[in-house]
Amino acid sequence: MAKENLEMFLGWEALFALENGNSIFLQNSLDDPDYAYNYYLFGPDRQMIDGGCFNVEGDPKSIEEVLEAALQDCSISKNI
């Protein structure tokens, strides 16, 4: 990741509502050097369904690109 993009992503968190009523919380992983991001998937009842770590190939330019990588890399469907 380029230095300017790394600085942009340090210390960020984001919550996205999915089409099915679930939500996914993303944050960069500063604690684990093997993984760039953490994700937590919550159901409509706000109970956690899944969570874990993942990496993003290339040089993401936006949080939306990180979201798409989470949905693909972690086998999460917007319609789970």
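Residues are numbered from 1 along each chain as its sequence is written, and side-chain values use heavy atoms, with hydrogens and water left out. Because the model is predicted, local features need pLDDT of at least 70 and side-chain atom pairs count only at pLDDT 80 or more, whereas totals for chains, interfaces and linings use all residues.

Helices (H or I, at least four residues) and strands (E, at least two) are DSSP runs, numbered from the N terminus. Two strands pair if DSSP finds at least two bridges between them. Strand 3 (residues 37-42) and strand 4 (residues 48-54) run antiparallel and are joined by 6 bridges. Among the residues involved, F42 has M48 in strand 4 as its bridge partner. The two strands form a hairpin with 5 residues between them, and R46 in the turn has a positive phi of about 70 degrees.

Rings of Phe, Tyr and Trp (its six-membered ring) pair if their centres lie within 6.5 Å; planes under 30 degrees apart count as stacked, over 60 as edge-to-face and the rest as tilted. This rule gives 3 aromatic pairs. The ring centres of F25 and Y40 are 6.1 Å apart and their planes stand at 35 degrees, so the pair is tilted. This pair links distant parts of the chain, with F25 in strand 2 (residues 23-28) and Y40 in strand 3, 15 residues apart. Y40 is partly exposed, at a relative accessible area of 27%, where buried means under 20%, exposed over 50% and partly exposed in between (1.4 Å probe, protein chains only). Ring pairs also link Y37, Y39 and F54 into a cluster.

In helix 2 (residues 63-73), the buried residues include V66, L67, A69, A70 and L71. Just after helix 2, S75 takes a positive phi of about 55 degrees.
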